[in-house]
Amino acid sequence: QDPTPVTLEQAMANPDWIGRPVESAWWSWDSRTVNYTQQRTDSNVRDQFQVEQESRGTRKLTGAQRAEIDGAYPVSDTQGARMAFVRNGDVFVRELSSGRLIQVTRSVTEEASPQWSADGQLVYRSGKDWFVWRPNAGVTAIAPVKVGKDPAVEPKRDTLQQQQLALFKTLRDDVARKQAAAAQSRDWRAEDPTQASPSAYIDGNFEIQSTSLSPNGRWMLAITQEKGADTGRETNTPKWITETGYTEPESSRTLVGRTDPVNQQVWLVDVQAGKARQIALDGLPGIQVDPLKDLRAKAGKDPLKGSRAVRIQTDGDDSGTAVHWTAGGDEVAFMVRAVDNKDRWIVSLAPKGKFDSVAAVSRHRLTDPAWINWNFNDFGYTPDNRLWYLSEQSGYSHLYLEGKALTSGRWEASDVTLDRAGKQFFFVCNRANPGTYELCTVNRDGGSVRELTSLKGVEGYAIAPNQQRILVRYSGSYLPTQVATIPLNGGQATALTDTRSPEFKSRTWIQPEYVQIPSKHGAGTIWGKFYGPAKYEAGRKYPIVFFVHGAGYLQNVSQRYPAYFREQMFHNLLVERGYVVMDIDYRASEGYGRDWRTAIYRQMGHPELEDHLDALDWVVANKQGDKDKAGIYGGSYGGFMTFMALMRAPGTFKAGAALRPVADWAQYNHEYTSNILNTPELDPEAYRKSSPIYYADQLQDRLLIAHGMIDDNVFYRDSVMLAQRLIELRKTRWELASYPMERHGFVNSDSWYDEYRRIYELFETELK
Ligand SMILES: CSCC[C@H](NC=O)C(=O)N[C@@H](Cc1ccccc1)C(=O)O
């Protein structure tokens with residue numbers, strides 16, 4: 001069937017017309033219905049729906065109905081008798097035999113992190129404080145850890161103080177009376193189980209960043225950092241169009257390397273005794289070796305002394321540190337990451353019986369001369385207290401149980417869950433090819449990995465409370481995320497939703513061709529999505545457009561619904577108007593293992609350009625592409641690459657559109673950039689080699705720059721800086737389109753339309 005023509009207005013319209021995807025999805029306690037959220041048409045409001053598995057009947061939930069249903073991400077106890085969840089910031093417990101719903105808290109603070117102990121008690125955090133809930137026994141508060149001197153510990157007296165006490169009996173008597181009262185209160189507390197335990201004190205110039213309570217309420221882990229440490233100067237972004245009529249400054253982020261990330265410390269707290277002790281991390285393997293020693297010397301910096309600074313990995317959702325306790329509460333594991341990004345350690349502590357001597361044990365060290373991935377950091381304990389984790393040590397993310405690989409091969413495992421019995425691991429995998437995602441399983445004792453789905457675009461999943469079925473979130477090239485369920489051990493998927501609009505569903509789209517391009521630069525295979533006509537006219541050469549995805553570490557050659565769905569519709573339009581379009585997962589992209597990811601270390605824009613040049617030759621050789629009529633465009637990292645292509649291979653692409661582009665990596669953020677280029681102070685060469693602004697003199701082809709003026713991710717300043725360079729260089733074939741009310745990802749369809757009209761006109765003028 002011929003593709004349905006698409007207009008620029010339609011491609012850039014508010015995506016409501018497509019039908020909004022399913023966002024989060026989770027099971028109800030009885031495993032009979034699935035709940036999900038979806039954005040409401042023409043609104044930012046999210047509605048909540050419930051769909052019945054058997055009948056597939058769907059209802060939109062009212063506020064009163066929501067009061068009866070379970071919250072997302074429930075946590076089951078070890079027996080499968082109860083599950084706990086947070087809904088509207090309050091903790092609830094559902095009894096799975098009767099369905100009885102117990103409201104544990106009803107507070108103005110946000111509750112989080114519910115976790116069950118092996119013997120059925122629940123701990124949770126409310127703001128910064130921890131609480132324990134026991135069925136039929138109510139809630140107990142855990143005394144907070146405090147920073148300061150422990151008032152129960154006699155202060156060390158200096159000479160002056162000692163002299164005062166020696167001189168005056170009345171002073172000595174006062175002190176003795178205070179000590180006796182404190183001793184009595186301590187003794188009573190120790191003998192009286194109804195009393196709250198005392199606070200532990202951390203002495204020094206620290207501030208507590210986060211805490212984690214063991215599920216048995218016996219131990220706590222506290223993470224601190226230096227109090228008031230300099231976290232760096234933030235850039236102000238002016239807001240131009242405002243309700244006040246004034247230009248309003250808006251504070252955003254810091255710049256890479258201006259201030260080093262602050263070192264953190266780990267403290268173990270004996271909750272019962274109210275004692276805290278710092279856990280030394282100096283013994284972690286390799287922590288005292290500086291991987292940046294040579295760069296440091298070259299930059300004229302002093303050598304590092306002692307251990308490298310570290311930070312404790314957080315859950316990524318700001319809910320706190322990613323700390324995992326055994327259900328019995330006797331062992332804890334946490335992830336330590338060197339601030340230079342080159343090492344990650346999974347560290348455990350087993351405090352029981354040896355609080356005063358407990359030491360950090362390194363269970364797994366992952367080291368990378370480039371940088372440790374920010375993905376694939378899942379870890380946890382099995383019900384019988386064995387540590388599992390993901391590691392990229394083989395070059396691809398795989399699952400390990402106590403050091404033994406349960407999965408292996410040139411593919412990646414992610415998003416791991418263990419069934420309640422602790423027998424079977426579930427995870428997302430891309431075994432068939434890098435862009436095809438399924439749900440996989442492997443026995444915890446090893447054996448072969450099995451695919452449970454054949455949906456191609458699996459995005460996430462959740463096991464039903466009764467452990468019989470799994471809900472799967474999946475998508476396709478033209479299918480925004482939907483939900484299906486499958487039996488626990490795989491089989492036919494039952495689709496529960498189809499949120500596409502009838503109008504979108506009735507259209508025929510050009511299916512991307514998944515192509516494998518041999519690298520002429522020794523990199524192996526470059527995967528691409530190619531869009532071309534169904535039939536090629538003999539002898540005709542087609543103008544070529546390259547689309548470059550953003551983020552660097554992102555996968556766009558996948559069978560999932562692309563983040564770049566508007567761009568994909570634009571590619572349909574381009575093909576309809578006589579172009580062919582190529583979109584490759586250049587080196588740096590996600591889904592292809594460690595070496596593909598880190599090939600750009602200290603040389604951004606170099607391997608990726610080689611891949612684009614190889615792909616261009618491939619389109620010319622295999623798809624009747626016209627080598628003299630090639631253009632390139634993309635946003636963010638794609639904009640950066642557009643600059644690099646035009647400036648480092650002048651004359652190759654006759655026109656380029658750099659959208660929300662990075663022009664100078666020294667202007668980008670620390671978390672992202674320091675991984676790939678270290679810091680500008682330490683590694684100026686890497687920044688010079690990787691930043692388009694230093695190649696601006698080589699620009700000769702037509703260039704369109706487009707940028708949102710209130711972009712708080714890649715600052716508008718990047719485009720302003722490049723514009724000034726181009727002015728000073730007296731370059732003539734460029735223009736800058738500014739969008740006063742847009743940030744990084746455009747929101748307004750007027751802006752999208754304006755930007756893509758300019759891109760289209762640029763290609764029409766230069767490539768035809
Ligand atoms: C300078 S590279 C990273 C910039 C940015 N990082 C986080 O937001 C990014 O990845 N931007 C990409 C990815 C994206 C795709 C679709 C919607 C929003 C963001 C981009 O802007 O294309």
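In the predicted model, the ligand is surrounded by 14 residues, and the closest of these are Gly550, Ala551, Ala563, Ser636 and Gly745. By class, the shell around the ligand consists of six nonpolar, seven polar and one charged residue.

Helix α9 is formed by residues 607-622 and helix α10 by residues 637-648; their axes come within 10 Å and cross at roughly 75°. Because angles of 65 to 115 degrees count as roughly perpendicular, α9 is described as roughly perpendicular to α10. On the α9 side, the residues that take part in the contact are Glu608, Leu609 and His612, and these meet Met641, Met644, Ala645 and Arg648 of α10. The contact of α9 with α10 is made up of four nonpolar, one polar and two charged residues.

Confidence in the prediction was computed for the protein chain and for the model as a whole. The mean pLDDT of the protein chain is 96, with 99% of its residues at 70 or more. Within the chain, strand β12 (residues 138-141) has the lowest confidence, with a mean of 91, whereas strand β40 (residues 542-548) has the highest, at 99. For the model, the ipTM is 0.96 and the pTM is 0.95.

Conventions: Residues are numbered from 1 along each chain as its sequence is written. This is a predicted model: local features need pLDDT of at least 70, side-chain atom pairs count only at pLDDT 80 or more; totals for chains, interfaces and linings use all residues. pLDDT is the predictor's confidence in each residue, from 0 to 100. Helices (H or I, at least four residues) and strands (E, at least two) are DSSP runs, numbered from the N terminus. A residue is near a molecule or strand if its C-beta atom, placed from the backbone, lies within 6 Å of it. Ala, Val, Leu, Ile, Met, Phe, Trp, Tyr, Cys and Pro count as nonpolar, Asp, Glu, Lys and Arg as charged, and the others, Gly among them, as polar. Axes are lines fitted to C-alpha atoms, for helices over the stretch in contact, and angles run from 0 to 180 degrees between N-to-C directions. Angles under 35 degrees count as roughly parallel, over 145 as roughly antiparallel, 65 to 115 as roughly perpendicular and the rest as oblique. Two residues are in contact if their C-beta atoms, placed from the backbone, lie within 7 Å.
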